[in-house]
Structures are given as structure tokens and as C-alpha cells.
Amino acid sequence: MFDVVSVDSQNDEVFEPLGTKRKFWYRDGDRRMLFKAEERGTGEDWAEKIACELCTLLGLPHVHYELAYDVANEKPGVVCESCAPPPVSLIHGNQLMLARDSSYPSTQNNWYKVQAHTVAAVAEVLGMVHAPTALWMDNVPGGVSSALDVFAGYVMLDAWIANQDRHHENWAVLFDGVALALAPTFDHGASMARNLSDEERHDRLMTNDKGRRVGPFARRAKSAFYADATQTRPMGTVEAWRAFAIKAAEAAQIWLRQLEAIDGPKIEALLVQVPPSRMSQVCRDFTRRLLEENRRRLLMEEDQ
Ligand SMILES: Nc1ncnc2c1ncn2[C@@H]1O[C@H](COP(=O)(O)OP(=O)(O)O)[C@@H](O)[C@H]1O
Ligand SMILES: [Mg+2]
């Protein structure tokens with residue numbers, strides 16, 4: 001089983017205003033830690049933890065999450081360490097996009113409708129920043145070197161785990177006072193269809209109705225990227241990956257080989273480590289199928 005870190009919300013120092021969920025920062029020795037509560041029973045805790053472990057298997061620079069429990073409020077959640085301890089600061093994608101184009105709607109918080117969040121514009125911004133610093137690059141496969149190369153890996157992860165949440169405040173760079181470097185990937189709690197009911201999961205696994213099965217369901221996942229700013233609909237998650245894969249062609253092949261090496265048993269070995277109180281058996285079965293389905297789509301030439 002994964003460890004569950006005990007946290008006491010009475011030791012909170014600051015509430016984190018960004019994002020949608022209740023969360024607070026506290027100190028653990030010299031480390032600044034963020035607790036993200038899972039208050040609504042929508043599985044964001046296990047999704048965040050599993051996504052983190054999948055990042056490790058892929059070799060992606062990522063914020064490390066542990067399952068956690070707030071003893072004062074009796075709430076489950078996850079904890080992570082800050083990737084931007086002072087004097088380092090974190091600058092979100094929307095600020096970078098605004099610096100590139102002063103008409104960019106950086107304050108638009110209907111995140112999935114930001115048509116200017118295009119693959120081309122994001123790639124251009126990434127062309128102006130460094131790859132993550134050495135601290136984050138330990139596990140990254142050889143041949144992946146630029147910020148765009150690494151980011152393509154984040155977009156492949158999103159397609160694999162059905163993360164529809166890579167909006168302009170869910171990617172960032174770190175500024176150490178001298179240079180800008182892509183931040184590790186963070187905030188994957190909304191992935192893997194974590195908020196479906198177990199009834200629906202069961203139904204989609206067992207149904208004879210082909211249109212309701214996991215395959216067609218997986219193909220509905222939308223990214224927060226647009227093919228160009230005139231489009232009214234965002235790209236699908238695999239479609240967005242293919243667009244970034246064209247821009248970082250060599251790295252894309254390397255990421256696909258990383259993905260290919262992660263088979264069903266490796267995924268199962270992670271899923272069984274989530275305590276059953278946080279993830280039911282049907283949820284585990286459905287999640288494995290969804291990951292297998294998306295992996296298959298990514299590894300095929302055409303998305304079918
Ligand atoms: N590990 C971290 N290091 C530094 N800042 C973080 C970290 N995790 C989250 N944050 C900050 O908190 C914000 C909200 O956290 P996030 O994980 O995105 O939660 P939500 O799911 O509510 O959007 C992020 O946009 C970022 O500014
Ligand atoms: Mg967020």
C-alpha cells in the first residue's frame with residue numbers, strides 16, 4: 001500500500017488561493033508542503049498519486065505527491081513539496097502567454113475556452129525557456145533536451161491518463177532570478193475519469209452497447225489546447241499530443257518508447273497500492289482499462 005502522510009490543518013500557514021480545491025501550505029522542517037484536500041469524494045487523491053507514479057515510470061519531471069490525511073478535519077487528500085521554494089518563483093503559462101502576446105486573455109478563468117491557448121503559441125513560448133533544471137531531469141530519457149521536448153512528454157501523459165486539465169494555470173516555469181526553466185508537471189487530480197460513479201464504470205465495462213464501452217468513452221477526452229485561435233472546440237487529448245509530437249519529433253518517439261515499456265502488470269502493481277477505502281475494485285478495473293485503451297491509441301499510427 002502507498003504510505004498515507006498525516007497532516008494537521010491546524011499547522012497551516014497560508015491558504016493557496018489558486019486552483020479550485022481547498023488547500024493549504026505548511027512547513028515540514030525546511031520544506032514547504034501543500035496539502036490538497038479531497039473533500040467531495042471524487043477520487044482526486046488516488047488520481048493525483050497514480051499519475052505521479054506513472055510520471056516516474058515515464059521519466060517525466062514531476063511534482064511528487066503522497067496520499068495524505070488531514071487529522072484535524074478528518075479529510076483525505078494528497079501532499080506535495082513546493083517546487084518553487086524561495087528565492088525561486090513559479091510563473092504560470094498564462095503570464096508567459098501574455099508576455100508573448102499582450103492581447104492574450106490571461107485572466108480568463110473559463111480555462112477550457114481559451115482559444116488563444118494554441119499548440120503553436122505554447123510551443124513558441126516554450127522555445128524561449130530552458131528545459132527543467134538538473135534537479136528535475138534525473139530520470140528523463142536521453143535525447144530529450146529542450147523545454148518543448150519535455151513538455152511534449154507532459155502532453156503525452158495527459159492523453160494517456162485522460163487529463164483534460166492542462167489549461168494555462170496548470171503548466172508553468174520556474175524563475176530563479178536569472179533564467180526561466182520549465183517547471184515539473186503538476187495537478188493531475190482531474191484525470192482518469194476519477195469522478196465517474198462506480199455504477200457507470202461497471203456499466204461501461206460490462207455493457208453490450210458498443211457505443212458505451214471504454215473505447216468510445218476514452219476518445220471523448222478533450223485537451224485545453226486549440227489547433228488555432230479561430231477554432232471553437234478544443235483539440236482531443238490524442239490530437240493535441242500528435243500536434244506537439246510534430247513539433248518535437250525526436251523526443252516524441254522517445255516518449256512513445258517509454259510508454260510502450262509500461263504494460264498492464266506494471267499499472268496493476270500501482271493500482272493495488274491505493275487503499276480500498278479510496279479506490280474500489282471496479283474503479284481499479286475501469287482505470288486499468290482506460291489506461292490500456294489510451295496507451296493503445298497513442299502507440300498506434302492512427303487514432304482508432
Ligand atoms: N508543488 C508545488 N510547488 C509550487 N506551487 C504549487 C505546487 N503545487 C501547486 N502549486 C500552486 O498552487 C496552484 C494550485 O495547485 P493545483 O495543484 O494546480 O491545484 P488545483 O487542482 O486546485 O488547480 C498551482 O497553480 C500553483 O500555483
Ligand atoms: Mg491547478
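How many residues of domain 1 are in contact with how many residues of domain 2? In this predicted model, 32 residues of domain 1 are in contact with 41 residues of domain 2, where contact means heavy atoms within 4.5 Å. Domain 1 covers 4-81 and domain 2 covers 84-304, with bounds that come from an automatic or database domain assignment. Taken over C-alpha atoms, the centres of domain 1 and domain 2 are separated by 19 Å.

Residues are numbered from 1 along each chain as its sequence is written, and side-chain values use heavy atoms, with hydrogens and water left out. Because the model is predicted, local features need pLDDT of at least 70 and side-chain atom pairs count only at pLDDT 80 or more, while totals for chains, interfaces and linings use all residues.

The open spaces come next. A pocket is an open set of points on a 1 Å grid over the protein atoms alone, with protein on both sides within 12 Å along at least five of seven lines; a cavity is a set of points where a 1.4 Å probe fits but cannot get out, and lining residues have an atom within 4 Å of a point. Grid points are joined across faces, edges and corners, and a volume is the space filled by probe spheres set on the points. The largest pocket has a volume of about 800 Å³. It is lined by 35 residues, and the closest to its centre are Lys 23, Glu 169, Asn 170, Phe 186 and Asp 187. Both domain 1 (4-81) and domain 2 (84-304) give residues to this lining, so the largest pocket lies between them.

Strands contribute to the lining of the largest pocket: S3 (23-28), S4 (31-37), S6 (75-81) and S7 (89-92) each supply at least two residues. Here strands (E, at least two residues) and helices (H or I, at least four) are DSSP runs, numbered from the N terminus. The largest share, three residues, comes from S4. By class, the lining of the largest pocket holds 14 nonpolar, eight polar and 13 charged residues; Ala, Val, Leu, Ile, Met, Phe, Trp, Tyr, Cys and Pro count as nonpolar, Asp, Glu, Lys and Arg as charged, and the others, Gly among them, as polar.

The second largest pocket holds about 400 Å³ of space. Of its 26 lining residues, Ser 82, Cys 83, Pro 85, Leu 135 and Trp 136 are the closest to its centre. Two or more residues come from each of S3, S4, S6, helix H4 (134-137), strand S8 (172-175) and strand S9 (180-182). The second largest pocket also lies between the domains, because domain 1 (4-81) and domain 2 (84-304) both give residues to its lining. Its lining divides into 17 nonpolar, four polar and five charged residues.

The largest cavity holds about 60 Å³, and its lining consists of Lys 21, Lys 36, Ala 37, Glu 38, Glu 44, Asp 45, Glu 48, Gly 77, Val 78 and Gly 189. S4, helix H1 (44-58) and S6 each give two or more residues to this lining, with H1 giving the most, three residues. The classes in the lining of the largest cavity are two nonpolar, two polar and six charged residues.

One of these lining residues, Lys 36, lies in strand S4. Lys 36 counts as buried because its relative accessibility is 10%, where buried means under 20% relative accessible area, exposed over 50% and partly exposed in between (1.4 Å probe, protein chains only). The side chain of Lys 36 makes a polar contact with the side chain of Glu 48 at 2.8 Å. A polar contact is a pair of N or O atoms within 3.5 Å; within protein, one must be able to donate a hydrogen and the other to accept it, and residues adjacent in sequence count only if both atoms are side-chain atoms. Leaving aside residues up to four places away in sequence, Lys 36 touches Arg 22, Lys 23, Glu 48, Tyr 65, Gly 77, Val 78 and Asp 187.

In strand S6 sits Val 79, which is buried, with a relative accessible area of 3%.

Note on methods:
Chains are lettered from A and ligands numbered from 1 in the order in which they are written.
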